Amino acid sequence: MIPIRPRRLRATPAMRRVAAETHLHPAMLTQPLFVREQITEPVPIASMPGVVQHTPDTLRKAAVEAAEAGVGGVMLFGVPAYRDPCGLGAVDPHGVLTRAVEDVVAEVGDALVVQADLCLDEFTDHGHCGVLDDAGRVDNDATLVVYAQMAHVLAEAGAHMLGLSGMMDGQVAAVREALDPAHADVAVLAYAAKYASAFYGPFREAVGSTLTGDRRTYQMDPANRREALREVELDVAEGADVVMVKPVMAYLDVLADVAAASPVPVWAYQVSGEYSMVEAAAANGWIDRRRTVEESLTGIVRAGADHVLTYWATEVATWLEESRHG
């Protein structure tokens, strides 16, 4: 006799469903969206099948689709037509990202959490996340001044949450100080543990990156685990409302550590390279696309993420709704 049989809880789809320890829900997902200046039709991103650089009109449509699918939010990235050494387009009240925030908020209101990427890499001609000093190094403190200005502009445009992705020391405190006098309700999402990763490759095409060199002096070393907790602790102390681990699929140990220690919600970003690897393998018939996507997201939530930014957000939300009624 075998008195203990774990297989009993796997016997049928209904039994597996009631025994599941981890559940996905559309509201747990954010859809990243790219909007590009001076285009009249969406531009496909070759390295990210199914993802495009939007026009203002198609951006609004994509935001509505996300809202109707029950997705929790959208994260907006601007792709400007002109770049300069200081990333002045990032602080332009009429710039591509600012206008995108205004358009999406006007279209969906509070049906989604409208998030905007607060960083300079899309706006600088050298592709770094901050301004450079005379020696060509990213000047941390000078960059904070620009981040504060950018925060004010995006908040004025109506953003509900700002995604601080630049990994500058003190960025949360600088942005919080800039927001609080007039925009105390705007939330700060700190990319607290953002690693200098090879998995960002396709994103560089998505934003037309002009990066020279690398970002290893400000993004985290992939070899480091404990350091992530230090970064999270600092960002929470500076006023972060949410903290982020990015990338995630190769950093589930870091995500679990952060989830166990953080007093604020913990989000994760399933980045472009993670997306593109699955799409490429599925296109070749090597894996089951839907099962792989769902399994990857389940693993991220199981590791401790309260919310996930993923390029599949709207599609997965549709699947989840179909399953609920199916």
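**Exercise 1.** In this predicted model, find which residues of α3 and α4 meet, and work out how the two helices are oriented.

*Solution.* Step 1: on the α3 side, the residues in contact are Leu 97, Thr 98, Val 101 and Glu 102; on the α4 side they are Met 150, Val 153, Leu 154 and Ala 157. Step 2: the helix axes approach within 8 Å and cross at roughly 30°. Step 3: α3 is therefore roughly parallel to α4, since angles under 35 degrees count as roughly parallel. Step 4: the crossing of α3 past α4 is right-handed.

**Exercise 2.** Check whether the end-to-end distance of α4 agrees with its number of residues.

*Solution.* Step 1: α4 covers residues 140-157, which is 18 residues. Step 2: the expected span is 1.5 Å times one less than the number of residues, so α4 should span 26 Å. Step 3: the C-alpha atoms at its ends are 26 Å apart, in agreement.

**Exercise 3.** Describe what lies at each end of α4.

*Solution.* Step 2: after the helix comes Gly 158, with a positive phi near 115°.

**Exercise 4.** Is Gln 171 buried or exposed, and which residues does it touch?

*Solution.* Step 1: Gln 171 belongs to helix α5. Step 2: its relative accessibility is 1%, so Gln 171 counts as buried, the cut-off being under 20%. Step 3: leaving out residues up to four places away in sequence, Gln 171 touches Leu 144, Tyr 147, Leu 164, Gly 166 and Glu 238. Step 4: Leu 144 and Tyr 147 are among the buried residues of α4, and α5 is one of the elements covering the buried residues of that helix.

How values were computed:
Residues numbered from 1 in each chain as written. Predicted model: local features only at pLDDT ≥ 70, side-chain atom pairs only at ≥ 80, totals over all residues. Heavy atoms only, no water. Helix = DSSP H or I, 4+ residues; strand = E, 2+ residues; numbered from the N terminus. Buried < 20%, exposed > 50% of the residue type's maximum accessible area, 1.4 Å probe, protein only. Contact = heavy atoms within 4.5 Å. Polar contact = N/O pair within 3.5 Å; in protein donor to acceptor, adjacent residues only side chain to side chain. Axes fitted to C-alpha atoms, helices over the stretch in contact; angles between N-to-C directions. Parallel < 35°, antiparallel > 145°, perpendicular 65-115°, else oblique. Left-handed = near helix turned anticlockwise from the far one by under 90°.
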